Each structure stands twice: as C-alpha cells, then as structure tokens.
Amino acid sequence: MSYTYGVVLKGGPNTENAQKLIAFLNRAAVAAGFTLGTGYPGPNTNQLKHLPSDLLPLLSINPENASKVVHEDSAWVAAKRPDGKTNLEHIGERWLAWRVQ
C-alpha cells in the first residue's frame with residue numbers, strides 16, 4: 001500500500017476553494033468513484049458502502065484486509081541496485097515479464 005496526498009498551499013491564492021476540493025474528494029461517494037475509476041482506494045472507509053460487493057474483498061481499506069496490508073517502503077523503492085536501476089524499475093520489469101508468460 002502506498003499513500004496519495006492532497007495538500008493546500010499555505011498562503012496560496014485560493015486556499016478556501018482548495019480546502020473545499022479536498023473535502024469534496026473525501027466524500028464517500030466521490031471517493032468510491034475514484035476507486036472505481038482508478039482501482040486505487042483512498043483511506044475513506046465510508047466509500048465501501050458505495051462500491052460493488054464483489055470488489056470489497058480486493059481492497060486494502062476493507063477492514064478484513066487491514067492486518068494483511070504491506071506498507072510501501074519508499075526508501076527501498078527508490079534505492080539503487082548494483083546494476084544501477086532502482087528497485088522500482090527492477091520490480092516493474094519483473095512484473096512485465098511475468099505478465100507476458
């Protein structure tokens with residue numbers, strides 16, 4: 001599991017509307033639409049009631065999966081391997097090779 005962040009710039013030109021956008025994106029039905037459209041669930045577990053029941057067992061935010069979630073180690077992902085590639089590049093290549101089998 002990795003994280004997605006939404007931020008509002010301090011002293012930005014439109015802070016009030018930026019805060020409204022963050023609040024909108026965190027609405028359960030909107031978050032469910034994001035999950036359906038991208039496959040990536042946000043942290044809002046209230047969205048579960050807006051999603052198809054056959055999808056729920058597959059989601060990291062499903063309470064039944066909470067103990068099974070592996071959090072991304074960003075430092076490891078970005079670290080360089082002896083071959084000069086990052087671990088992210090390496091696992092990406094392995095994933096693509098696995099998919100074509």
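Leaving aside neighbours within four places in sequence, Asn 62 is in contact with Leu 48, Leu 56 and Pro 57, where contact means heavy atoms within 4.5 Å. Asn 62 belongs to the loop between H2 and helix H3 (74-78), the helices being DSSP runs (H or I, at least four residues; strands are E, at least two) numbered from the N terminus. With a relative accessibility of 10%, Asn 62 counts as buried, a word that stands for under 20% relative accessible area, while exposed means over 50% and partly exposed in between (1.4 Å probe, protein chains only).

The model is a predicted one, in which local features need pLDDT of at least 70 and side-chain atom pairs count only at pLDDT 80 or more, whereas totals for chains, interfaces and linings use all residues. Residues are numbered from 1 along each chain as its sequence is written, and side-chain values use heavy atoms, with hydrogens and water left out.

Ile 61, again leaving aside neighbours within four places in sequence, is in contact with Pro 41, Gly 42, Pro 43, Asn 44, Thr 45, Gln 47 and Leu 48. Ile 61 is also part of the largest nonpolar core, which has five residues in all, the others being Ala 32, Leu 48, Leu 51 and Leu 59; such a core is a set of buried Ala, Val, Leu, Ile, Met, Phe, Trp, Tyr and Cys residues joined through side-chain atoms within 4.5 Å. In soluble globular proteins, nonpolar side chains tend to be buried together.

Helix H2 has Ala 28, Ala 31, Ala 32 and Thr 35 as its buried residues. Because they cover an arc of only 100° around the axis, they lie on the same side of H2, the arc being that of the directions from the helix axis to the C-beta atoms. H1 is included in what covers the buried residues of H2, and H2 is followed by Gly 39, whose phi is positive, near 85°. Ala 31, which lies in helix H2, is buried with a relative accessible area of 8%, and, not counting residues up to four places away in sequence, Ala 31 touches Leu 25, Asn 44 and Gln 47.

The largest pocket holds about 860 Å³ of space. Of the 25 residues that line this pocket, the closest to its centre are Thr 4, Phe 34, Pro 41, Gly 42 and Pro 43. Helix H1 (15-25) and helix H2 (28-38) are the elements that give two or more residues to the lining, and H2 gives the most, with three residues. By class, the lining has 16 nonpolar, nine polar and no charged residues.

For these terms, a pocket is found on a 1 Å grid over the protein atoms alone, as an open set of points where a 1.4 Å probe fits, with protein on both sides within 12 Å along at least five of seven lines, and lining residues have an atom within 4 Å of a point.

Some residue pairs can be followed by their C-alpha separations.

| Pair | Apart in sequence | C-alpha to C-alpha |
|---|---|---|
| Ser 2 and His 71 | 69 residues | 6.2 Å |
| Ala 31 and Gly 42 | 11 residues | 6.6 Å |
| Asn 62 and Pro 43 | 19 residues | 9.9 Å |
| Gln 19 and His 90 | 71 residues | 38 Å |

Of the residues in the table, Ser 2 lies in the segment before H1 and, at 45% relative accessibility, counts as partly exposed. Gln 19 has its place in helix H1 and counts as partly exposed at 47% relative accessibility.

How values were computed:
Grid points are joined across faces, edges and corners, and a volume is the space filled by probe spheres set on the points. Ala, Val, Leu, Ile, Met, Phe, Trp, Tyr, Cys and Pro count as nonpolar, Asp, Glu, Lys and Arg as charged, and the others, Gly among them, as polar.
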